[in-house]
Each structure stands twice: as structure tokens, then as C-alpha cells.
Amino acid sequence: MGGLKHTLNIGAESLYATRQGVDTAGHNIANANTEGYSRQRVNLEQRSPSESRSVLIGNGVFVKNITRAHDKFLEKQLNNSNQDLGLSKAKHEAMKPLEEIYSPELNASVSDEMDAFFTSLQDLSSFPEDVLVRSNVMDRADRVIGSFKRVDHSLKSFRSDINERIQGEAVEISTLLKDIATLNSAITTTERGDPREASDLLDQQDLLLRNLTEKIDINYYRGDRGMVVVRGPQETMLVERDHAADVQVVKNTENGSGMYDVIIDKGSAYKPVNISKLNQKGRLAGLLDVRDNVIPDLIHKNNELAFTLGHSLNAIHRRGYGVSDFKESTNRDFFVISDDVNLAAESMDLDSLIREDQSAISAAFTPSAPGDNINVNEMLRLKEVRMMSSGDATFGEYYSNTVGLFGLDLVRAEHIYDADQTLSKDLMTRHDALKGVSMDEEAINLMKWQANFTASSRVITTIDEMFETVLSLKR
């Protein structure tokens, strides 16, 4: 009887192992399209044999564990690639809309408006007393002012938008850190030091880590009891056991711009750590680079051009004389403009006297000389004077260089993004080939487990018939 029970147990264990195989194959099929899922497999192991009458008798099979298809080195490569991809993608996406500010198809450029303004001065040189010509000079000056203000306002508006996106990224990073820490506790509770693996929970955590690496510069490893430890810029602790740091934004009151600094709070340091300049990878780094370097440089160049044009034209205009009521008065500015280069574009305007009466435009170099055009010719010569870039460029050349360099930076950012995207796709293909579910393979596995189940059932049926035979001997 003991021998028959032993054989019955072998059949029962085989049925259990086979059912686990069917369950796992079904689980794989059900999650074939689940993002981050790794196909699982049942690992069977034979039981240690026992000795009976000097003969070693097998004790069947048992399910050792269920593991997932996983390559931690490939996962690490993919996540490192994601950090570079997040940086280049965010930088390209943030820079691309800036292109429309300088697009001649959407707006007349600053250079075009300055050329038109100097052309109106040329007309004034030919007809210094003509009222319509003077009105045209004022109109063209207004257009120049408007173009400087448009560029300044658009760049600052884009910068504010990026600033708000940085705040959104910080919120998402904090959420990811908290979810990773929560899964640390769940994984530890599920595994409890046993050789079993919490495959589904580990998949979820790997997916969170992949999303996190796309956003911020991190290093991570699995430490005590399989829990992941995440460190951020300057080795700041982000996740340890079930504790997660808080990533938040704080307005910088020192620079006066109201831009956000990204702060890690409740990390390993005793005080909040500002990572705005420490973070070098991920979407956060790309957005910060465009907000703090690319756009401020473009704003400064626009201000510098407005500042130099405005003050150099004013210096000449103050020496001249107008017509009618202004034929004997001098020392008037043409533009109103700040002495602070950083406020030049937003403060630029037309002098109020000129706006009220175009006769105040000082075209003459001597008083009471209506046909004199010496002063306006001096203003006109500014177009060809190399007073930008330390005397290396005219106004038009300086603007062209600014737009050209930005265009090169944009093309470079696009090429880097394309290269990072290609590398990431290649690694993702290898990753999916290892971890992805093959429907054909799982269908074969189901057939294999089904055949095994039928055979195991036959073992139990046979033992049952043998029991009946033994019991019938008593009748």
C-alpha cells in the first residue's frame, strides 16, 4: 500500500507541475502586449531519490520556481541609452519651436526690418523735407522696434513654457521614485528570502526604472534582499528600501527671472540639494539646458543688437536738427532705450517728440537748413559699420550669424537625437527578443504541457485501478 501511495504522490506532483506550466503559458499569452512584461518559465527539478530495499527510487518532480527572461546587463545598457535619448529628445523638442521665431515665412525678420528702416533713411537723405518720407521713417522705425520686442517676448514666453514643463517633470520623477520604493517593500514581502522570484513585481519596477532613466541622471543597483537602490546626481540618495526622496521645484529669487531650481529633498543629505546644474542626463537636463543656456543666449544677442543700434543712432541723431519748429533745436534722441543692455529690446520705443511730429527727425547737420542731409547720411552709414562682435560684424551680419549659429545648433541637436534614437531602438529590439512573448512558442508549450497532463493523469488512473485490484483481494 505504501508503494502505491508513493506512486500516487508522484502522479499528483506531476499534475501540479503540469498545471503550473499551463498557468504560466496562459499568463505569458495574456500579457503578450503588456509594456515591460518579461516572459516567464517554470523551472522543474527532480526530487532527491529515496532508498528502498537497497534500490534508489525516484520521487518525481517539483516546481523549483518560476523565473522571468531577464538580462541585467542588457537592461543596464538600455537604461543608459535612455538617459542620453531623454536628453537629446527633450533638447530637440524644446529648441524646434524656437525656429518659428526666426522663420522669414512667418514673420519679417529683425534684419529685414532694419534694412527697410535704413532704406527709408536713404529716401529721407534724398528728400529731407518731404512729410510722407519722414512719416515712412517713423513707421519703419516702429516696425524695427516691434520686431525686437516680438523676438524678446517670444523667447521669454518659450522660456516660461519650458520652466513649467520642468515643474511637471519634477512631479513625475517624484511619483516614479515613490512607486519604486513601494515596489521594494512588495518585492521583499513576496520573496521573503526564498529562492522564488516576484517576476511580475520586478517587471513593474524595471519599467519604472526605465521611465525614470529617461527623465534624470541616475545610477541604481539591487542591494539588500533584492531591493533596488537609486542614486541621483552627486550620489544623492533617491530610493533606499521603502524610502523615496522628494523632487520639487523652488523659484530662484536671486536671478530675478523667477525660474525654477530643481531640488532633491529628503534624500541622503541633511539639507535640500539643488541639482539644476549637477544633472547631466535625461529630459530634465535637456530642458534645463535650453531654458538656462540656449534661450538666454538668444535673448542677450537680441538685446545687444537693439542696444547697439538704438544708442549708436541716438548719438548721431542728437547732433542734428529737424525742420519747421525743430529747425534750430537739437540734442534729441531718436529712440527711447534703456542703458541696461538686458532691458534694451523690451524698453525700446520711439522718442515721444518724433512720434508727435516727424519734423523732429534730425536729418540736417546745421540749423535752419531744410535741405541739409548730412546728419541722416551719418545715420545711414551705421548700416555698414562693423560695430558688433567687437568690431567684426555689421548689424545685418551679426543677426545672420546669430540665426545661423542657432540653426547649426538645432541641426546638431536633431542629428544627436536621431543617433540616440537609433541606438535605443537597436537595444530595445534585442531586449524584446529576449523578454518578449512568442505566441508560437507559447502554443507549443501549451501542447507540451497538455500532453504531460494527459500522461500524468494516466499514472493516477493506473494507480487507482491497482488500488481496486488490491481491495478486491479481500472480497
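This is a predicted model: local features need pLDDT of at least 70, side-chain atom pairs count only at pLDDT 80 or more; totals for chains, interfaces and linings use all residues.
The crossing of α7 and α10 is right-handed, a crossing being right-handed if the near helix is turned clockwise from the far one by less than a right angle, and left-handed if anticlockwise. Residues are numbered from 1 along each chain as its sequence is written, and side-chain values use heavy atoms, with hydrogens and water left out.

Helix α7 spans residues 282-317 and helix α10 residues 374-381; helices are DSSP runs of H or I with at least four residues, strands are E runs of at least two, and both are numbered from the N terminus. The two helices pack at an angle of about 160 degrees, with their axes 9 Å apart. That angle makes α7 roughly antiparallel to α10, the term for angles over 145 degrees. On the α7 side the contact (heavy atoms within 4.5 Å) is made by L313, I316 and H317, and on the α10 side by N375, E378 and M379. By class, this contact has three nonpolar residues, two polar and one charged.

Two loop residues have a positive phi. N331 lies in the loop between α7 and β12 (335-336). Its phi is about 65 degrees although N331 is not a glycine.

S389 is in the loop between α10 and α11 (395-435). Also not a glycine, S389 has a positive phi of about 55 degrees. With 33% relative accessibility, S389 counts as partly exposed, the class between buried, under 20%, and exposed.

Key. Axes are lines fitted to C-alpha atoms, for helices over the stretch in contact, and angles run from 0 to 180 degrees between N-to-C directions. Angles under 35 degrees count as roughly parallel, over 145 as roughly antiparallel, 65 to 115 as roughly perpendicular and the rest as oblique. Ala, Val, Leu, Ile, Met, Phe, Trp, Tyr, Cys and Pro count as nonpolar, Asp, Glu, Lys and Arg as charged, and the others, Gly among them, as polar. Buried means under 20% relative accessible area, exposed over 50%, partly exposed in between (1.4 Å probe, protein chains only).
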